[in-house]
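Me: I have a new model open and want to get my bearings. Can we start with the strands and then look at pockets?
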Amino acid sequence: MEVSARCIAGFRKFLRKAATTVPDRSIALTIACMTPKQALNKAWLKKPIQRTDLDIFKTELNYLRKHTNAVESEEFHKNLVSDFLKRSFYKESYFINTKGRNDLVIHLGPKPQDLVGVIVEAKKPTNKGEM
């Protein structure tokens, strides 16, 4: 929880500074990189993983990596990610599709009427300007 509190405090400080900064001055935003182990709540590290779930994840991740194509469109890659999420994690539990102008969203339930929990913005791998 310390990391979260520091991040929130830093973001609030950034917003306050941004609100008072003259438009022609730039603001530097520092992003702290964390490993997955640092970012995860410690309770998740204790949750056991079924071997079959891990095998499905590995198979689907390999499929995703093999089919990624640098010359294909953003739409192509969005569909690959959507299929990966559906086949490896979410199946019938969560509804995954586009919503409005969002490339891909994961709803908090199996119906499109459920609230959106995750928003994914897809970019093609060679789009360095927006990555």
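Reply: Start at L104, whose bridge partner in strand 3 is V120. This is a predicted model, where local features need pLDDT of at least 70, side-chain atom pairs count only at pLDDT 80 or more, and totals for chains, interfaces and linings use all residues. Residues are numbered from 1 along each chain as its sequence is written, and side-chain values use heavy atoms, without hydrogens or water.

Me: In which sense do strand 2 and strand 3 pair, and over how many bridges?
Reply: Antiparallel, over four bridges, with strand 3 covering residues 116–120. Strands are DSSP runs of E, at least two residues, numbered from the N terminus, and helices are runs of H or I, at least four. Two strands pair if DSSP finds at least two bridges between them.

Me: And what does strand 1 do with strand 2?
Reply: The two form a hairpin with two residues between them, and G100 in the turn has a positive phi of about 60°. K99 stands opposite N102 of strand 2.

Me: Why is strand 2 largely enclosed?
Reply: Five of its six residues (102–107) are buried, so the rest of the structure largely encloses strand 2. Buried means under 20% relative accessible area with a 1.4 Å probe, protein chains only.

Me: Pockets now. Which residues lie nearest the centre of the largest pocket?
Reply: W44, K47, I49, D53 and F89, out of 16 lining residues. A pocket is an open set of points on a 1 Å grid where a 1.4 Å probe fits, with protein on both sides within 12 Å along at least five of seven lines; lining residues have an atom within 4 Å of a point.

Me: Which helix gives the largest share of that lining?
Reply: Helix 4, with four residues.

Terms used
Buried < 20%, exposed > 50% of the residue type's maximum accessible area, 1.4 Å probe, protein only.
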